Amino acid sequence: MARDLPRVGERRPPETPDLVTVPTLEDPVVREASHVVGGPMGRYAVPLAHGLRVVAALLAALSALTMGAAVIERAHCVDQGWSTPDQFWHLCFSDLPATYKDNGLSVGAVPFLTGATGSPTLAQPPLTAVTMTVVAQLVPDGDAQHRMLLYFVLWAALAGILLALTTWWTAMSVPRTPFRAAHVALSPVVVLTVVVAPDVLGVALVAAGLWAWRRERTVAAGALLGLAVSARSYPVLVLVALLLVGLRAGRVPAVARTLGAAAGTVALVTGLLALLNPDAALAAYRAWAGSAAGFGSPWVLPQLAGYPLPAGAVTVLAVVGWVAALLAGAVLALSSPRRPGVAEVALVMVAIVLVTGKSVPVQSSLWLVPLVALVGLSWRDHLVWAGVEALYFVTVWLYIAGLSTPDRGLPPGWYSFFLVLRLAGMAWLLVRTWRMARSRWPDLREEAQERRRTAAEAGHALDPQLLEALEAADEEAAVEEETDPLAGPLRGARDELIVRFG
């Protein structure tokens, strides 16, 4: 978790940037769990020096265990096939084999790209649709069930690679606290969601883009985040977070380069596919605009009570949710006492979009996992949220199965209860992140410089107590990177409060 900055008058020596902090010293959940492998770090132990890549590689390797658990959880469907309602009773549903079967992905990538008659029609963003179609061409001939299984296996292998890369990029984005990436590598939420749908592609690209941003590679960050937007829609909010924090820091040109590269990448990917197959390029966005409330959405609650909302009304409510997310991000970024982190602003906005969305499928929770790691939330917060997600994961499949077999399924009332509980879990992450960002002390460096300048011009000596406070303010610069490890091109910039309330 991010540490508090020094109070005025409090001296704290700057931390050595080459030392990797150990979570057993800071997180009580990790400290208790560490007894399985020998206990927490001792008081006389030396912190791991120059071990960033070692920690990142270790966590990336550990993500294979999480990926294996995700596949094992689908063992029944792997063995018996994905049939309805059996796949719901056994909690092993996946969109991946269903998409392969129902959308004719086996016809080939060329018919899809050219829009030929009988080509696949995927309600997926452009890059995801192309990737799913290309992977399908690796499936050898055989009967339908066997090909569905092989397609799932291929996607699971690709997802495992993407999860390891996401873990690596997350660890490398927080060099002083790389063990935060364990929130990605060992998350129960990942076990439940990573092979339900292809969302991990967009999640990995977001992690890569933020890593590039931290390394001040603004154009590369924009290109990667542009690819992420072409794979999923929510990375738009990450770009907005960069813009808002950059505006607060007064480094708009650096952000503009990233936004320009992202816009160009999105236009290139979408435009190329639109030239070849216009229906495929816009299919996901048309499907979203015309859809009614779906599973996981708060707007499906009236439908469960027998009073469904019109699709147009649900679209308006979802758009209002996006507007609310942008306003909340602006308030957090521009009015907090100290400039918040990019990941903090992004998590708040993504969470609001999720809890107000037209549909909040189980796999959408995967979007939050790397942001939880980058923000530095505690494992207690993570596990509380993961427990709620697990409850919903079970109940949504039992409710859907009950639509085919009503006497065995979960009643709408109970499904509604767990749906609201899940949304509350996402709101919990939002609140914890908001409070963390708003509780930091303001940056006093500019005020300190101004007071020194005023005293020097007047020919006065500073009061010793005031001088000590100003020196403490200077030392805040040494821990700025820990406050926002993703500062990147914004590192060392001014921190001027733009919006004031009260």
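Buried means under 20% relative accessible area, exposed over 50% and partly exposed in between, with a 1.4 Å probe and protein chains only. This is a predicted model, where local features need pLDDT of at least 70, side-chain atom pairs count only at pLDDT 80 or more, and totals for chains, interfaces and linings use all residues. Residues are numbered from 1 along each chain as its sequence is written, and side-chain values use heavy atoms, without hydrogens and water.

**View 1. Trp82 and Phe152 form an aromatic pair.** Rings of Phe, Tyr and Trp (its six-membered ring) pair if their centres lie within 6.5 Å; planes under 30 degrees apart are stacked, over 60 edge-to-face, the rest tilted. The count comes to 14 aromatic pairs. Trp82 and Phe152 are tilted: 5.0 Å centre to centre, 50° between the planes. Trp82 is in the loop between α3 (75-80) and α4 (86-89), and Phe152 is in helix α8 (residues 144-173), 70 residues apart. Phe152 is buried at 2% relative accessibility. Trp82 is buried too, at 9%.

**View 2. Tyr399 and Tyr415 form a stacked pair.** Their centres are 4.7 Å apart, with 5° between the planes. Tyr399 lies in helix α20 (residues 379-404) and Tyr415 in helix α21 (residues 412-438). Helices are DSSP runs (H or I, at least four residues), numbered from the N terminus. Both tyrosines are buried.

**View 3. Charges sit over the rings of Trp288 and Trp89.** The criterion is NZ of Lys or CZ of Arg within 6 Å of the ring centre and within 35 degrees of the ring normal. Lys358 is 4.8 Å from the ring centre of Trp288. Arg408 lies over the face of Trp89, at 4.1 Å.

Methods
Helices (H or I, at least four residues) and strands (E, at least two) are DSSP runs, numbered from the N terminus.
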